[in-house]
Amino acid sequence: MGERSKSFDDRLLDLHLNRLSAEETEQVEQEVAGAPETAGRSRALRDLLKLLDANEVQPPANLADRILAHVERRERAIPFSRERERTAARSGDRVAGRGYSFGWRDLAAAAACLVLFFSVAIPGFNKARSVSQRTRCLDNQQMISSAMTSYGQANAGYLPYSGYIPGASWLPTNDPQVPFASNTQHVFRLIKQGYLPNVQVFICPADRNGRPLTARDLQALQDFAHRNNNSYSFLFMNRPQGVRLESLQSGPGRQTVVIADRNPLLPPSGVPTTMPVQAVSANSMLHDRGAGQNAIYADGYSGFFTRPTIGVDADDIYRVGSFNSYKGTEAPLAPTDTFLPP
Amino acid sequence: MSTPTDEQLLAEHLAGKPEPFATLVHRYSDELFRFLARFTGNAAMAEDLIQEVFLQIHQSGASFDTSRRFKPWLFTIAANKARDLLRSKRRRPEMPLDAEVAGVSGEGEEKRTFLDFLADESQSPVAASSLEEQRENVRRVLSEMPERLREVLVLSYYHGFPYKEIAEILGVPLGTVKSRLHSAIEHFGRSYRAAVKERV
C-alpha cells in the first residue's frame, strides 16, 4: 500500500467516523464517487462500522444515584481521607495520585515513633556492643596468655623477663634517685621475639584511647612507648629471678591472675605529676566506666569480673595488700598477694 | 445562566460544596458506564468499576491537573481501573458458580451463569433473532479483541474522542492511536466474518 492510498484510507476512516470538516467530507466523497473500487471499499467500511452499532449498552436505572450512595457510604467509612483531601485542596497543596500530605500530627507521630524506637534500640545496641568488646578483649588476653606459655616453654620455664632493678618504681617518677622499671617491658619481648602476630592484640576494643604501636616504632623500642599502646596489666615481674611457669601450675599459684584489663591506679589522663598516688579498690576503667574487668588465671580460667577482689583469698589484683597510697616502689607482700601494676 | 464546565464543578467540589460532585456524576455516569461495559464486555463489572472510578475522583480530586480537561482524566482513570481488573481476572481465571458469563449477558437480558450451562448444555432455548445474533457476535468479537485495540476502537467509535485525547487517555503517541484504530477495524472485520461462518 503506497503513501497516497494510505493517506486516503485515513481520510476514508475519518469520513465514516465523522471526524472531517464539511469541506474535507465533500472532497473525500467526490474522490469516492469518482472511482468504483474506492466506492466499494467505502461501502464495506461503512457496513462494517455499522455492525458496531449493534453493541448497544443500556445503563442501569438510577445509576448516578447508586454511584453517589456508594461514594457516600465509602467516604463515611474513611472520613479521614476526605478531610485530608479537602484540607489539601483548601491549602492549595497538590496530592499526587494516591500521594500523602504530611501534617503536624503525622510529623509528631513519626517523631514519637523515632523516640520510642531509639529509646528501645540504642540501649540494646550499646549493651550488645559492650558485650562484643568484652569478648574480643578477652580473646586478646588469651592470645597473650598462650604466647607467655609458649615463651616459658622455650625459655627454661620462665615467663618473659627483662631483668630485675632493685628499688625501681613501676610508676614513672620525677625522682632521679628512683629508677623506672616498667612492668610491661617483660611482655614486650613477646612481640620482639615473634610470639605474637602483631601489636594490635595489646589494644582492647573497649579502650577508646588505645593506639597500637607502628611497625617502625616497634623495631627501636624495648617497651611500649605510651600507656595507650597497651590496654592490659600483667603480673608483677620486677623480681630477682622472674617467674617460673612451674610456680603457677600447682598449689595457690594456679589461682594467680596473670593478665587483666588495665589497672585503674593511674588516672585516665596519664602519668601522675605528683606522688604518691591515692588509690581505692576499683575496677578497671576500660569497660563501661568501671563495670568490671576481664582476667585470666594461671590455670587458664578466665572471665569478666565485676569486682577486682579476685586474687587468692579475695585479694585485690590492682593493689598491693590494701595500700591506699602508692609511690611506685611497692611490691607484693606475699606469694599470694597478686598485683598487676599499671 | 451558563452551564458550569466540568473543571469548574470539580473546583467547587474541592472547595467543599456537595452538589457539584453529584452534577458530575449525573453528567457522566451513563457515558462512562457504556465505555466500561463495552471495554470489559460485562455489565456487572462495569457497574462495580464506575463506582470505584467516581469514588477515586471524589477522594483524589485535589490531584487533578487543572491545566487538563476533566473528561479525558475521568476516562483515563476508568481505563486504568478496567485494565487492572481485567488483568486480575486473567490471573485468577477461576470463577464462582453463580458468576455471570462475560460477554454473553447484557443489560436487559436474562443473566446466564455456569449453573445455567450445567443445567442446559444446549445453550439458550430461545431462538435468537437475526439482530440478536448480530449483537451477540459483535459483543463476542469485541470481547475477544486484544485489549490495546479494543480500547482505541471503543473510545474512538462509540465515544468520539479526538485522536489527541485518546492518546492522552491511553498514554500512547498519536501515531500509535491511529495505527491501532486501523488494526482494530481490520481485526473486527476479520473476526466478525469468521464468527458468522462458524454459525452458518
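Reply: Chain B has nine helices and zero strands, where helices (H or I, at least four residues) and strands (E, at least two) are DSSP runs numbered from the N terminus. Read along the sequence, the pattern is accordingly α-α-α-α-α-α-α-α-α. The model is a predicted one, in which local features need pLDDT of at least 70 and side-chain atom pairs count only at pLDDT 80 or more, while totals for chains, interfaces and linings use all residues. Residues are numbered from 1 along each chain as its sequence is written, chains are lettered from A and ligands numbered from 1 in the order in which they are written, and side-chain values use heavy atoms, with hydrogens and water left out.

Of the 200 residues in chain B, 50% are buried; buried means under 20% relative accessible area, exposed over 50%, and partly exposed in between (1.4 Å probe, protein chains only). A contact means heavy atoms within 4.5 Å. Among the contacts in chain B between residues at least 6 apart in sequence, 59% join residues at least 24 apart.

Salt bridges also link separate helices of chain B. The term denotes a side-chain nitrogen of Lys or Arg within 4 Å of a carboxyl oxygen of Asp or Glu. Arg27(B) and Asp6(B) form such a bridge, at 2.5 Å from N to O. This pair joins helix H2 of chain B, which holds Arg27(B), to helix H1 of chain B, which holds Asp6(B), across 21 residues. Arg27(B) is partly exposed, at a relative accessible area of 31%, whereas Asp6(B), at 8%, counts as buried.

Arg87(B) and Glu147(B) form a further salt bridge, their closest N and O atoms lying 3.2 Å apart. Here the partners are 60 residues apart, with Arg87(B) in helix H4 (residues 70-91) and Glu147(B) in helix H7 of chain B. Arg87(B) is partly exposed at 38% relative accessibility, and Glu147(B) is buried at 13%.

The charged end of Arg38(B) lies over the ring of Tyr158(B), 3.7 Å from its centre. That of Lys71(B) lies over the ring of Phe161(B), 4.8 Å from its centre.

The interface with chain A comes next. Chain B contributes 48 residues to the contact and chain A contributes 41 residues. Together the two chains bury about 4,100 Å², 60% of it on carbon and sulfur atoms; buried area is the accessible area (1.4 Å probe) that two parts lose on being put together, summed over both.

Two salt bridges are found across this interface. Glu52(B) and Arg74(A) meet in a salt bridge of 2.9 Å, N to O. The elements giving two or more residues to the side of chain B that touches chain A include helix H1 (6-14), helix H3 (43-60) and helix H9 (174-199) of chain B. H2(B) gives the most to that side, with 10 residues.

Key:
Lys NZ or Arg CZ within 6 Å of the ring centre and 35° of its normal.
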